[in-house]
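Thank you all for coming; I would like to walk you through how two chains meet in this structure. Let us have it up on the screen.

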Number of protein chains: 2
Amino acid sequence: MGGDHGPRVTLPACRQFLDNHPDARILLVGLPQALEGFTHERATVVAASEVVAMDDPVEVALRKKKDSSMRVAIQQVKDGQAAAAVSAGNTGALMAIARYLLKTLDGIDRPAIATQMPNAAGGATTVLDLGANVDCSAEHLLQFAVMGSALVSALREQGDPTVGLLNIGEEVIKGNEVIKKAGELLRSAANSGDLNFYGNVEGNDIFKGTVDIVVCDGFVGNVALKASEGVASMIVGALKQEFGRGIFTKMAAIVAYPVLKALMKKMDYRRYNGAALLGLRGLVFKSHGSADVLAFEQALNRAYDAARNNLLDRVRTRIAHAAPLLAPADAQPTPGAAAPAIE
Amino acid sequence: MGGDHGPRVTLPACRQFLDNHPDARILLVGLPQALEGFTHERATVVAASEVVAMDDPVEVALRKKKDSSMRVAIQQVKDGQAAAAVSAGNTGALMAIARYLLKTLDGIDRPAIATQMPNAAGGATTVLDLGANVDCSAEHLLQFAVMGSALVSALREQGDPTVGLLNIGEEVIKGNEVIKKAGELLRSAANSGDLNFYGNVEGNDIFKGTVDIVVCDGFVGNVALKASEGVASMIVGALKQEFGRGIFTKMAAIVAYPVLKALMKKMDYRRYNGAALLGLRGLVFKSHGSADVLAFEQALNRAYDAARNNLLDRVRTRIAHAAPLLAPADAQPTPGAAAPAIE
């Protein structure tokens, strides 16, 4: 039901997904009248009488809308009816409801949001946290590193992905107190075989592809993600403007079009859609609210791969192994934990 | 002496600068043998026997190299011989020496590094802090806002520039505790006429040009800057790769070349070179270490404009006016304060 476009985008994406995965089944959760037009032998409608709005406060989503499509979908995961839930809706509400219904895994204080960004090495860099947690401690950053490693292992079938700690310089002495302590914890985890820790990385390393996973506080990750989107938009806008400036440049645009199209495809954020909510006792994926059919299908693919490759068990195993390093990081509630992250 | 290229870049830049500003004079500070080839009626060599290396630890620069070109140059500012100092050298050393020799202005706890980034509105957004301070308090962010306003007023002769607080959402309730408190302080400053506070902005607003000045913790600013540079490099690299892929695309590149060149010019980071070290009792500007002649000349221009438009007095006046809001933010030393910022 969610996202900027609702079933107009999510239903065609589900059909494409089902066509591409003959062994997959989908539970379509939402208002029956909005979903009844969709028929497929491997799709079943699960009715929900309410919808969380994109601008609903978390409290409203959590306490007032107890029969929302979002909540009913996550309940399917909790009840074992679904292997994973995917939503394009309100990020803050999704995280709050998922956390409330599913609870966190043993050894995890706070769930994190992990997404992928394209890099110059031709692959994708997984970055977490993207805004679920502000004011992270060093222990939280270690938990993110362990969870991120499990995610990349599961989605890319890559055994020992490299982890970088986002900092303002490569040297060990750089950064604030939390980051320095996190560096020590990550080095310990590397020594005990729990992580493949590369060391400190800087903002540009996300896009260089220096490491498979970049770990950061949610505030920092959110700003970095949005700043990056801002630069990309500015460059694309300037390209369009320059090519549209006169007759000659318009002709140049026609000639250059296939090249620019290939470039856009390579940079296409839609291919990387589908952020994982990690650290919960169940799989939940968040699609960008503005996702189109292709992008939403990517989020479905990601959830499917995570379920098929036992992401949850991988996270559990890795966390259990790293348990001696993972002393509880905090007991107090997280201020701003419910802040929407990727909209 | 500093930067990746030293006098090979700085001397030609100085000549261009002098040619473009008939009323300007330059003190060239450094090893006499490196500077003696440069003669100009408005240039004077001031000898220094040492040079701070790009990788010298701050302690070495500060305590061992007491006759470094960097230190002698800043001493010229302190002694009133120079209106401003410009360096392309080691950022951490420059900040530490400037702070040690010049001291901070009354009401300022920590100097900040302010730079400009191009935006889609066709102008530049001034962002501070860029890495001089990690672990900033709300009071520090208010000081940055006041100093940034003075800088933009002085450099662009714009009376009442708008200030945005970098956050993970526009709403007042977003962010961590420091950011929420900073938002309150900035609103108070707006009410008392000390600031033109726009409200919270997000990472992409830096490049949209939503506000004239974006205020943030140095850790966050540094990551955002470097992530942005990373995206821009990735896109430029991909453009080159796509256009170089085959004969047809190489032809397309020739046709598209003037358009791409215009784009690169618009996005050219060199045009925005010259970061201000704000909050000191003297003007100091930092050029990017990799600056070429054009870029280094921009840094000289910026220092010249700041001196001519009395940046120091403007900062003093604004800080004094905002004094009731600017209770000392901290007394303890800043961990990581000497971390190089823009290299």
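Predicted model: local features only at pLDDT ≥ 70, side-chain atom pairs only at ≥ 80, totals over all residues.

Between chain B and chain A there are 2 salt bridges, a salt bridge being a side-chain nitrogen of Lys or Arg within 4 Å of a carboxyl oxygen of Asp or Glu. In one of them, the side chains of A:K226 and B:E202 come together at 2.2 Å, N to O.

Residues are numbered from 1 along each chain as its sequence is written, chains are lettered from A and ligands numbered from 1 in the order in which they are written, and side-chain values use heavy atoms, with hydrogens and water left out.

How many residues does the contact take from each chain? It takes 54 residues from chain B and 54 residues from chain A, where contact means heavy atoms within 4.5 Å. The two chains bury about 4,800 Å² between them, 78% of it on carbon and sulfur atoms; buried area here is the accessible area, with a 1.4 Å probe, that two parts lose on being put together, summed over both. Of the area that chain B buries against chain A, B:I168, B:F219 and B:M234 supply 15%, more than any other three residues.

Within chain A, let me also point to A:R281, which forms a salt bridge with A:D106, their closest N and O atoms being 3.0 Å apart.
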